[in-house]
Amino acid sequence: LESASPGLATKPERDRRIVRDLQLSQQLERDFSSFLASWYANPLFASFKVHPHYQQAVARRLQNNPARLAKSLRNIGLGNQPSLWALLVGIETPLLLIVGSLDRKFLAINQAILDVSSQTCLNIVKNSGHNVHFEHPARFSQLVKNFVANCY
């Protein structure tokens, strides 16, 4: 799992996120290009924005259907997803977590997952942000290959 989260822990957090996702979905439908610019202005994507292929990635994303993306955000956004924190302790299958060292938010979340799930292996990719697979594709692929070779 790359830059993963087992969800928001409490119902009030999820309720607030539903409201926020509804706002974001409306913005997305109004002006998709402005939405993406605003989305990637989030500090979470700072290292992504300075990647040499950032503009190409944005151009590809602009080919998506904003109405469908907005529908997805409204129906299956993080606020609508159940919290899976309580289930982490019962994981019996090896689980690989990959997170960038510059992604402080998801680094903390993934370290918390590691604390409660004994079957979890955490790999922190140096000088990478939230989109490890994009920023460091060779390293990402090697981590996955090594994990599969050693665990399965």
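Me: What percentage of the residues of the chain count as buried?
Reply: This is a predicted model, in which local features need pLDDT of at least 70, side-chain atom pairs count only at pLDDT 80 or more, and totals for chains, interfaces and linings use all residues. Residues are numbered from 1 along each chain as its sequence is written, and side-chain values use heavy atoms, with hydrogens and water left out. Buried means under 20% relative accessible area, exposed over 50%, and partly exposed in between (1.4 Å probe, protein chains only). Of the 152 residues of the chain, the share that counts as buried is 36%.

Me: Where in the chain is confidence lowest?
Reply: pLDDT is the predictor's confidence in each residue, from 0 to 100. The chain averages 95, and 99% of the residues score at least 70. Confidence is highest in E1, at 97. The lowest mean, 92, belongs to helix H3 (residues 46-49).

Me: In what order do the elements of the chain run from the N terminus on?
Reply: Helices (H or I, at least four residues) and strands (E, at least two) are DSSP runs, numbered from the N terminus. The chain has 8 helices and 2 strands. From the N terminus on, the order is α-α-α-α-α-β-α-β-α-α.

Me: Is H1 roughly parallel or roughly antiparallel to H5?
Reply: Two packed helices are described by the angle between their axes and the distance between the axes. Axes are lines fitted to C-alpha atoms, for helices over the stretch in contact, and angles run from 0 to 180 degrees between N-to-C directions. H1 and H5 pack at about 180°, with their axes 9 Å apart. Angles under 35 degrees count as roughly parallel, over 145 as roughly antiparallel, 65 to 115 as roughly perpendicular and the rest as oblique, so H1 to H5 is roughly antiparallel.

Me: How many residues of the contact of H1 with H5 are nonpolar?
Reply: Among the residues that make this contact are Leu 22 and Leu 28 of H1 and Leu 69 and Leu 73 of H5. Ala, Val, Leu, Ile, Met, Phe, Trp, Tyr, Cys and Pro count as nonpolar, Asp, Glu, Lys and Arg as charged, and the others, Gly among them, as polar. The contact has 1 polar and 3 charged residues. The nonpolar count is 8.

Me: What does the angle make H1 relative to H2?
Reply: H1 and H2 pack at an angle of about 130°, with their axes 5 Å apart. That angle makes H1, relative to H2, oblique.

Me: Is Ser 128 buried or exposed?
Reply: Ser 128 sits in the loop between strand E2 (120-125) and helix H7 (132-135). Contact means heavy atoms within 4.5 Å. Leaving aside neighbours within four places in sequence, its contacts include Ser 47, Gly 100 and His 136. At a relative accessible area of 0%, Ser 128 is buried.

Me: How far apart are the C-alpha atoms of Leu 88 and Ile 113?
Reply: Leu 88 lies in the loop between H5 and E1. Leu 88 is buried, with a relative accessible area of 7%. Leu 88 and Ile 113 are 25 residues apart along the chain, and their C-alpha atoms are separated by 7.2 Å.

Me: Is Asn 127 buried or exposed?
Reply: Asn 127 is in the loop between E2 and H7. Its phi is near 60°, a positive value in a residue other than glycine. At 58% relative accessibility, Asn 127 counts as exposed.
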